[in-house]
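This briefing concerns one protein and its ligand, shown below.

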Amino acid sequence: MSHYVELSNLTKSYPTPKGSAVIVRDFNLNIRKGEFVSLIGHSGCGKSTVLSMLAGLNPLTAGGIILAGKELVGPGPDRGVVFQSPNLLPWLTAFENVLLGVDQVFHTASREERRDIAEYYLTVVGLGESMHRRPAELSQGMRQRVGIARAFALSPKMLLLDEPFGMLDSLTRFELQAVLMDLWARNNITALMVTNDVDEALYLSDRIVMMTNGPEAFVGEILEIPWERPRDRRTVLEHPDYYRLREHLIGFLNVRAYTLKGLTPPHGDSGHGPADPAPKGAAPSPSAAAPSQLEALAA
Ligand SMILES: Nc1ncnc2c1ncn2[C@@H]1O[C@H](COP(=O)(O)OP(=O)(O)OP(=O)(O)O)[C@@H](O)[C@H]1O
Ligand SMILES: [Mg+2]
């Protein structure tokens, strides 16, 4: 069966003074149409490298990427990108920032239609009242809402997000996760999101892809997330498997991200346990205890 997105043997090396450094080697991943996939791994393992290759912003050293049956070459409006900070043009309003891309992508539409698109997405992300303000007059969370509206307004085939909520406080982060999930569901869009937040990945994803440590990082494991959609945070947090899966992700990051590469984990754990998910009914370990902040915010 062919997949909507196919990353095949994706490999990236960067030149260094000591010769070429292979950051990612033979990274393989298939994504279904409309699927939400998160990519998680230690800082510096190569997550942004993978995402930027998919965005067409970083040439591949080897391997290939197919999106909707076509081999990708370079960037294009078929992929919407959301970074940690949205890089808005400071002299334009939120509305004009979104309209800028819409004008380019939908140049055959009427001026009125293009303005409607920008206005619609800015309203959906909650900026109905403030879309005519400039970035300096918006909070960081509001600016990131503009970034999300801008990405969706171009109706891309795929959404690429690199720690989109990494700079936000937890309350704003939670709000924007819900905005993202709502827009993603309405648009049936295929998404790949880099995050280092296991709870964010568990809340948003259909699957979580765990990368080994670098150099020469690859896909270590993939976790299927069973919660039904539409999701709400409290139901997800109260799901009987939540802490088992959370513990599994943390176990990967603490142990198997190293051992799969033949490295010794820093905490001295041998990591020779099973690579498959923990047995059903396993008691949650203390390290996976509920973060009280999470539960308070979900209340
Ligand atoms: N242009 C570049 N030239 C040389 N090395 C690079 C370049 N870009 C990234 N690297 C190196 O590649 C490795 C992976 O970087 P990358 O930004 O993909 O990691 P990451 O997993 O996204 O990390 P983080 O979670 O901190 O964002 C790092 O060691 C980084 O120093
Ligand atoms: Mg990164």
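**Ligand shell**

Ligand 1 is surrounded by Tyr14, Ile23, Gly41, Ser43, Gly44, Cys45, Gly46, Lys47, Ser48, Thr49, Asn196 and Gly214, where a residue is near a molecule or strand if its C-beta atom, placed from the backbone, lies within 6 Å of it. The model is predicted: local features need pLDDT of at least 70 and side-chain atom pairs count only at pLDDT 80 or more, while totals for chains, interfaces and linings use all residues. Residues are numbered from 1 along each chain as its sequence is written, and chains are lettered from A and ligands numbered from 1 in the order in which they are written.

- The shell around ligand 1 divides by class into three nonpolar, eight polar and one charged residues; Ala, Val, Leu, Ile, Met, Phe, Trp, Tyr, Cys and Pro count as nonpolar, Asp, Glu, Lys and Arg as charged, and the others, Gly among them, as polar.
- With three residues, helix H1 (residues 47–54) gives the most to the shell around ligand 1; helices (H or I, at least four residues) and strands (E, at least two) are DSSP runs, numbered from the N terminus.

**Helix H1**

- H1 is mostly covered, as six of its eight residues are buried; a residue is buried if 20 or more other C-beta atoms lie within 10 Å of its own, exposed if 12 or fewer, and partly exposed in between, with C-beta atoms placed from the backbone.
- The buried residues of H1 are Lys47, Thr49, Val50, Leu51, Met53 and Leu54.

**Overall fold**

- The protein has nine helices and ten strands.
- Of its 299 residues, 38% count as buried.
- Among contacts between residues at least 6 apart in sequence, 71% join residues at least 24 apart; two residues are in contact if their C-beta atoms, placed from the backbone, lie within 7 Å.

**Four-stranded sheet**

- Four strands form an open sheet in the order E2-E1-E4-E5, with antiparallel pairing; two strands pair if DSSP finds at least two bridges between them.
- Strand E2 (19–31) and strand E5 (70–71) stand at the edges with a single partner strand each, so one side of each is left without a neighbour in the sheet.
- E1 and E2 pair in the antiparallel sense over nine bridges, and they form a hairpin with two residues between them.
- Leu7 has Leu29 as its bridge partner in E2.
- Strand E1 (residues 5–16) is joined to strand E4 (residues 62–67) by five bridges, and the two run antiparallel.
- The bridge partner of Glu6 in E4 is Ile66.

**Helix pair H4 and H5**

- The axes of helix H4 (residues 140–153) and helix H5 (residues 170–187) come within 11 Å and cross at roughly 10°; axes are lines fitted to C-alpha atoms, for helices over the stretch in contact, and angles run from 0 to 180 degrees between N-to-C directions.
- That makes H4 roughly parallel to H5, a term for angles under 35 degrees.
- Gly141, Gln144, Arg145, Ile148 and Phe152 in H4 meet Thr172, Leu176, Val179, Leu180, Leu183 and Asn187 in H5.
- The residues of this contact of H4 with H5 divide into six nonpolar, four polar and one charged.

**Ala201**

- Ala201 lies in helix H6 (residues 198–204) and is buried, with 26 other C-beta atoms within 10 Å.
- Not counting residues up to four places away in sequence, Ala201 touches Ser38, Ile40, Thr195 and Ile208.
- Ala201 and Ile225 stand 24 residues apart in sequence and 9.4 Å apart in space, C-alpha to C-alpha.

Note on methods:
Parallel < 35°, antiparallel > 145°, perpendicular 65-115°, else oblique.
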